[in-house]
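The following exercises concern a predicted model. Each task is followed by a worked solution.

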Protein chains: 2
Amino acid sequence: MTADAETRDPEEAPAETAFRDEEGRLSHAFVGMVAAAIAAGDEARLKELVGDLHESDVGDLIEALEHDDRPKLIGLLGKAFDFTALTEVDETVRVQLLEELPPETVAEGVRLIDSDDAVYILEDLDEVDRTRILDQMPGADRVALTRSLDFPEETAGRRMQTEFVAAPPFWTVGHVIDYLADTPGLPDTFYEIFVVDPAYKLLGAAPLDKLLRARRTSLLSDILDEDPRTVRATADQEEAARMFERYNLVSAAVLDDADRLVGVLMVDDILDVIEEEADEDLRALGGVTGDEEISDTVLYTARSRIPWLVVNLCTAFLSASVIGLFEATIEHMVALAVLMPIVASMGGNAGTQAMTVAVRALATREIGGHNARRLVRREALVGLANGSVLAVLLGLAAGGWFLNPQLGVIIATAMVVNMLCAGLFGILIPLALDRLKADPAVASGVFLTTVTDTVGFFSFLGLATWWFGLG
Amino acid sequence: MTADAETRDPEEAPAETAFRDEEGRLSHAFVGMVAAAIAAGDEARLKELVGDLHESDVGDLIEALEHDDRPKLIGLLGKAFDFTALTEVDETVRVQLLEELPPETVAEGVRLIDSDDAVYILEDLDEVDRTRILDQMPGADRVALTRSLDFPEETAGRRMQTEFVAAPPFWTVGHVIDYLADTPGLPDTFYEIFVVDPAYKLLGAAPLDKLLRARRTSLLSDILDEDPRTVRATADQEEAARMFERYNLVSAAVLDDADRLVGVLMVDDILDVIEEEADEDLRALGGVTGDEEISDTVLYTARSRIPWLVVNLCTAFLSASVIGLFEATIEHMVALAVLMPIVASMGGNAGTQAMTVAVRALATREIGGHNARRLVRREALVGLANGSVLAVLLGLAAGGWFLNPQLGVIIATAMVVNMLCAGLFGILIPLALDRLKADPAVASGVFLTTVTDTVGFFSFLGLATWWFGLG
């Protein structure tokens, strides 16, 4: 069966119903069939439907099932269920499901999969549940998992796989190849052989394609890359991801503080990290915390979103109080109240553009000492340029609407001022937060709209008050 | 030299100055030294400084240099310059640089690198420049590159590498290994051997680790994976990326419409695609077009950002006109003008939260027929819940500020209405755009703020007019 990214022949799909629709989404009909088989307790039918699916597809299927059907599916599949599938479901779903399954089932399932996947599954459980599961495992597995879990979250040590292939430098290529052919229990997938000394200090790495291209009689020490890119176990996963991206790696040795090889980071985990980090930035800019998932409940979602809204409520009061300064002016000229939100919101939009570019460039390390100043100047000039163009449009429209050319001039001036501020603060705020070691994606937005709202209202209403001699 | 993601020993850095600072950014001092060597025309010094750097670091260096120094660097380095570095710089910088270099230099440089990198470098050039470079290349290279360039942008065919290792099914593992050791000119990196029939139809794939674990006497046909995940050359690169992510691939065969093997997609290119697509979503939500880069000029940046601002200016007028309906009310009670932006902006913030989650879930195919309805209900309830909590706060604060409890009740009611709309439209707008095959990330924001502004102003001012009998 060839799983094309573009088209999928319905004949080739598992069982009689296509598993995914043309858009790559899980098919409704297929989920229905699985649910029916679960309801009927039909083990054979379930294995026929789900048995051959990739673990990642099984993960999507679990998410699509009703809450109560999920543990039943795993129970009915028994040994045919690959726990790796649980790495592909939302955290909320995973944690609930693990709490409902018997600890010995989880312990047995987790023991059979790669250590990085096992850690990923266990790390979100609370201490008690996790210990209950680990206690059911054989000593060696328990020790290996516990060691990975002891590294802080979001470090390379947490993400690494502790299964790898290591060999001493004096082995020949032929010997390594024979060893690989003869040794059971090697990792499922590996892309390089690590060369180590007796204390497991890393001497180098030999990618498989180099190994295959070498003579059987060559020594590992002759063909190894002596300077492979490596990662400290305590390094942040994001730093590791940047390294993979920058140097196009597929795997990298993970070293402890004594330079001993303790594991390997694989590119598929890095792919997840990159996706996660991009997601976090995007959500942060949208005022959503990183761990919100679409499977969360109403209550959980509402709670996780409200702190951001409360902060915004406070800043909204701040800008309202600026308007409050000019109550007398507005009373004399209500047109000002009609027009003022335009100046404020345009500043917000332009500032957000500058901020978005800055936040992303900071995340990908594109902004440094050498170009920060140039970027600030650029944003100021862009704000000024677009502000001037829009000011003309806005001035003409507003002046025409209220048949008051002076009002047009005033709103146009306020617009230029606010757009300039928007460009400047759109880049300065993220830069400042980054320098203060705060995440620019999270907090830039609040500060920025506070600036653009207050400057927008103040410049427009202030200019009008002064010009028309009101207030 | 071990390039740690966490720490980098200054002693181990190239030459005497650290190339990157602790944050992973290019060091100012290093760039200065390179610029000085360029100014002095000191070839030897340049090769000493830059010669051993990874091509990706050279790319960062090029971006950090002054405009005029860039072609000079490449000229002085001569054959020591690896054109792969150009895949790591911004499009703007790359195109300018390629236009300034002599076509024969580019042709020679591009000929020596992997075809996917060559295509990446050439694809952004205009027809004339590109032809001028291709004309300088030997026939076989030109034909291969032209074929890749004939595939539409952002397809797998454009991103694929045309160098791969293929073998017939009747070869033994030993034969393949000997072939790999004896054949010069194999691709730089490969992770699997493709098994093909005489017409280059794909029969299967043998990952290198499987090959190494097999007996030398086994036939390829016995060990191959008969159902490898493959991609059509015309498939969208984003679909290919989803497949890599879902099935944890490091490479995948690319097939033409007749199922013939034409190339291979590598995970490092997919990493770039994932980063690009996440970037595009993020920028689109911030009102920035996908191709804006931090190296763009003021004029280019201003021009590319203004269409979005003009659209927003129009919608801002729309909401202003809603306020205009209530001029008489505001004249009687200026407090309304002071408070109205709060209702509108809180709706905007809450709606953006819902929209951000929806846009991202649509992009990663997490929303499908099976959960869309549940998500709409969830967002409506979250809007209602958070709206109610914030309404109480806002009502008390506003009522207290203007010593008018009735005003507090009115603004609280308007707040609940607007927050409910914000939640509903925050998810319905992206869903509708997605169904209409429009990109939800690009257009959702405008529609959403139009809804939350107009509903916010109308509900608050309308309720006040009705309650106080003004207008």
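**Exercise 1.** Determine which residue stands opposite V195(B) and describe the sheet around this pair.

*Solution.* Step 1: V195(B) lies across from G204(B), a residue of strand 3 of chain B. Step 2: strand 2 (residues 192–196) of chain B pairs with strand 3 of chain B in the antiparallel sense, over 5 bridges. Step 3: the open sheet in chain B has 3 strands in the order 1-2-3, with mixed pairing. Step 4: strand 1 (166–167) and strand 3 (202–207) of chain B are at the edges because each has a single partner strand, so one side of each lacks a neighbour in the sheet.

**Exercise 2.** Characterise the interface between chain B and chain A.

*Solution.* Step 1: the two chains bury about 12,400 Å² between them, with 60% of it on carbon and sulfur atoms. Step 2: L212(B), I294(B) and Q353(B) supply 7% of the area that chain B buries against chain A, more than any other three residues. Step 3: there are 14 salt bridges between chain B and chain A; E275(B) and R242(A) form a salt bridge through their side chains (3.9 Å, N to O). Step 4: helix 18 (residues 335–363) of chain B provides the largest share of the side of chain B that touches chain A, 18 residues. Step 5: the residues on that side of chain B comprise 71 nonpolar, 29 polar and 43 charged.

Conventions: Residues are numbered from 1 along each chain as its sequence is written. Chains are lettered from A and ligands numbered from 1 in the order in which they are written. This is a predicted model: local features need pLDDT of at least 70, side-chain atom pairs count only at pLDDT 80 or more; totals for chains, interfaces and linings use all residues. Side-chain values use heavy atoms; hydrogens and water are left out. Two strands pair if DSSP finds at least two bridges between them. Helices (H or I, at least four residues) and strands (E, at least two) are DSSP runs, numbered from the N terminus. Buried area is the accessible area (1.4 Å probe) that two parts lose on being put together, summed over both. A salt bridge is a side-chain nitrogen of Lys or Arg within 4 Å of a carboxyl oxygen of Asp or Glu. Ala, Val, Leu, Ile, Met, Phe, Trp, Tyr, Cys and Pro count as nonpolar, Asp, Glu, Lys and Arg as charged, and the others, Gly among them, as polar.
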